[in-house]
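Take a look at the chain below before reading on.

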Amino acid sequence: MAPAMPDDRLAAAAMNGTTHWASQLADRRGREVVFLSHCLLNENTRYLGGACERGASLPIVRLCLERGYGMVQMPCPEQHAWGGVLKRRLLRFFGSKATPLGRVRPAALPVLVWYTRRVCRRLARDVAAQMLDDESSGFDVVGVVGVDGSPSCGATRTIDVRRALDLVAELQPTATADDMNRIVLRSITAGRGIFVEELQAQLRRLRLDIPFFAFDLPSELAGLPRAPSLRGS
Ligand code: SF4
């Protein structure tokens, strides 16, 4: 029986094999990818009232298609943390002002934020690992596109969650999507969303320098969606 190969020689042999096949089987792939907040490719995960498209956001998709960027859809943190695609746990606070839940709202907020951060950290770890795989495999992660105006995915602007919760607690059963969007617009504040904070922390840990860009939710709500200017524009 041949003597066992040391681990480092095995790894080197595997790497040489990878390099060989990657060039031998060269194809049309552009090796450039953009990581997008989930709802940019699937607005069905937006808060109720906040979807402006039936499916994906056209400006961002068009930009990626024009430039030949692969689109990587990150998970929707609020879908994971807040009870699925309809974020049912959050909906319990809607119109809750005069209810027992409404009265414990201030005490529930830190728990909500703590739990959200925990879920975001777990998701961010996986996304950062995916980026590390791309970068260490010779692909270029052109950037991350977050959604400004989101408490989770905001890249430069987030939501004052306390203020937003106070306002949704006052919603009447007859409230409309416009009422909901007014609440969001009134609660926007400077800062990053929780998921973006956690993702940037993971990227620092992995020593990856990836630029972040913001898709502007308020502009989309106003009917003027525009893609962020990614590198090279
Ligand atoms: S902004 Fe982020 S948390 Fe909000 S719906 Fe989009 S992906 Fe989900």
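What percentage of the residues of the chain count as buried? Of the 233 residues, 30% do. Keep in mind that this is a predicted model. The chain holds 11 helices and six strands. Its C-alpha trace spans about 75 × 40 × 25 Å along the principal axes.

Four strands form an open sheet, in the order E2-E1-E3-E6, and the pairing is parallel. Strand E2 (70-73) and strand E6 (212-216) stand at the edges. Each has a single partner strand, so one side of each is left without a neighbour in the sheet. From one strand to the next, the twist averages 30 degrees. As background, strands of a sheet pair through backbone hydrogen bonds, either parallel or antiparallel.

Look next at strand E3, residues 140-148. How is E3 joined to E6? Five bridges link the two strands, which run parallel. Val144 stands opposite Phe212 in E6, and Val145 stands opposite Phe213 in E6. Strand E1 (residues 32-36) is also joined to E3, again by five bridges, and these two strands run parallel. Here Val34 has Gly143 in E3 as its bridge partner. Why is E3 described as largely enclosed by the rest of the structure? Eight of its nine residues are buried, and a residue counts as buried if 20 or more other C-beta atoms lie within 10 Å of its own.

Move on to helix H8, which covers residues 161-169. Which of its residues are buried? They are Ala164, Leu165 and Val168. Seen down the axis of H8, these buried residues fall within an arc of 100 degrees, so they line one face of the helix. An α-helix has 3.6 residues a turn, so residues three or four places apart point the same way. What do the buried residues of H8 pack against? Their partners are helix H7 (105-136), strand E4 (157-159) and helix H9 (177-187).

Now the ligand. How many residues surround the ligand? There are 13, and the closest are His38, Cys39, Cys76, Ser150 and Cys153. Helix H2 (38-41) and helix H4 (77-81) are the elements that give two or more residues to this shell. H4 gives the most, with three residues. By class, the shell has five nonpolar, six polar and two charged residues.

Where is Arg226 placed? It lies in the segment after helix H11 (217-221). Arg226 has 13 C-beta neighbours inside 10 Å and counts as partly exposed. Leaving out residues up to four places away in sequence, Arg226 touches Pro59, Asp216 and Ser219. Asp216 lies in strand E6 (212-216), one of the edge strands of the sheet. How far apart are Arg226 and Glu198 in space? They are 26 Å apart, C-alpha to C-alpha, and 28 residues apart in sequence.

Note on methods: Residues are numbered from 1 along each chain as its sequence is written. This is a predicted model: local features need pLDDT of at least 70, side-chain atom pairs count only at pLDDT 80 or more; totals for chains, interfaces and linings use all residues. A residue is buried if 20 or more other C-beta atoms lie within 10 Å of its own, exposed if 12 or fewer, and partly exposed in between; C-beta atoms are placed from the backbone. A residue is near a molecule or strand if its C-beta atom, placed from the backbone, lies within 6 Å of it. Ala, Val, Leu, Ile, Met, Phe, Trp, Tyr, Cys and Pro count as nonpolar, Asp, Glu, Lys and Arg as charged, and the others, Gly among them, as polar. The arc is that of the directions from the helix axis to the C-beta atoms. Two residues are in contact if their C-beta atoms, placed from the backbone, lie within 7 Å. Two strands pair if DSSP finds at least two bridges between them. Axes are lines fitted to C-alpha atoms, for helices over the stretch in contact, and angles run from 0 to 180 degrees between N-to-C directions.
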